[in-house]
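Visitor: I'd like to learn how to read strand pairing and charged contacts in a model. Could you walk me through one?

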Amino acid sequence: MKIEIISGSKVIATTTSDKVGEFVAVPQKQLSSGEYLLFFKQINKEGDVIFANETLAINVTGKKDDVPIVAIV
């Protein structure tokens, strides 16, 4: 299934999930420093759109050695 990761009104990454729904995605452009609230949209083979019940909040500092802060909301 196709997975889109959305920040605000922009799709920042697109990927596909495996048979159990797991996926890995890398943003198409590096995220600038700041806070982001990410939404997940799944599109199945029939074209049905399903939004995940949970969102992901992240804080990107932009500093080389920092680890982003991530929280599931």
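Guide: Happy to. Let's start with pairing: two strands pair if DSSP finds at least two bridges between them. Strands (E, at least two residues) are themselves DSSP runs, numbered from the N terminus. A word on the source: this is a predicted model, where local features need pLDDT of at least 70, side-chain atom pairs count only at pLDDT 80 or more, and totals for chains, interfaces and linings use all residues. Residues are numbered from 1 along each chain as its sequence is written, and side-chain values use heavy atoms, with hydrogens and water left out.

Visitor: Which residue in S4 is the bridge partner of Lys 41?

Guide: Phe 51. Lys 41 itself sits in strand S3, residues 34-43, and S3 runs antiparallel to strand S4 (residues 49-51), with 3 bridges joining them. In the hairpin of S3 and S4, 5 residues lie between the strands, and Gly 47 takes a positive phi near 90 degrees.

Visitor: How many bridges join S3 to S1, and how many join S3 to S5?

Guide: Strand S1 (residues 2-7) is joined to S3 by 6 bridges, antiparallel; there, Ile 5 stands opposite Phe 40. S5 is also antiparallel to S3, through 5 bridges, and Leu 37 has Ala 57 as its partner in S5.

Visitor: Is Lys 41 buried or exposed?

Guide: The cut-offs go by relative accessible area: buried is under 20%, exposed over 50%, partly exposed in between (1.4 Å probe, protein chains only). Lys 41 counts as buried because its relative accessibility is 19%. For contacts, look for heavy atoms within 4.5 Å. Leaving aside residues up to four places away in sequence, Lys 41 touches Lys 2, Ile 3, Glu 4, Ile 6, Val 49, Ile 50 and Phe 51.

Visitor: With which residue does the side chain of Lys 41 meet in a salt bridge?

Guide: First the idea: side chains of opposite charge can pair when their charged atoms come close. The rule asks for a side-chain nitrogen of Lys or Arg within 4 Å of a carboxyl oxygen of Asp or Glu. Here, Lys 41 meets Glu 4 at 3.0 Å, N to O. That pair links distant parts of the chain, with Lys 41 in S3 and Glu 4 in S1, 37 residues apart. Salt bridges with shared partners join Lys 2, Glu 4 and Lys 41 into one network.

Visitor: And how far apart are the closest N and O atoms of Lys 2 and Glu 4?

Guide: They are 3.4 Å apart. Glu 4 is buried, at 10% relative accessible area, whereas Lys 2 is partly exposed, at 35%. By this rule, the count comes to 2 salt bridges.

Key
Helix = DSSP H or I, 4+ residues; strand = E, 2+ residues; numbered from the N terminus.
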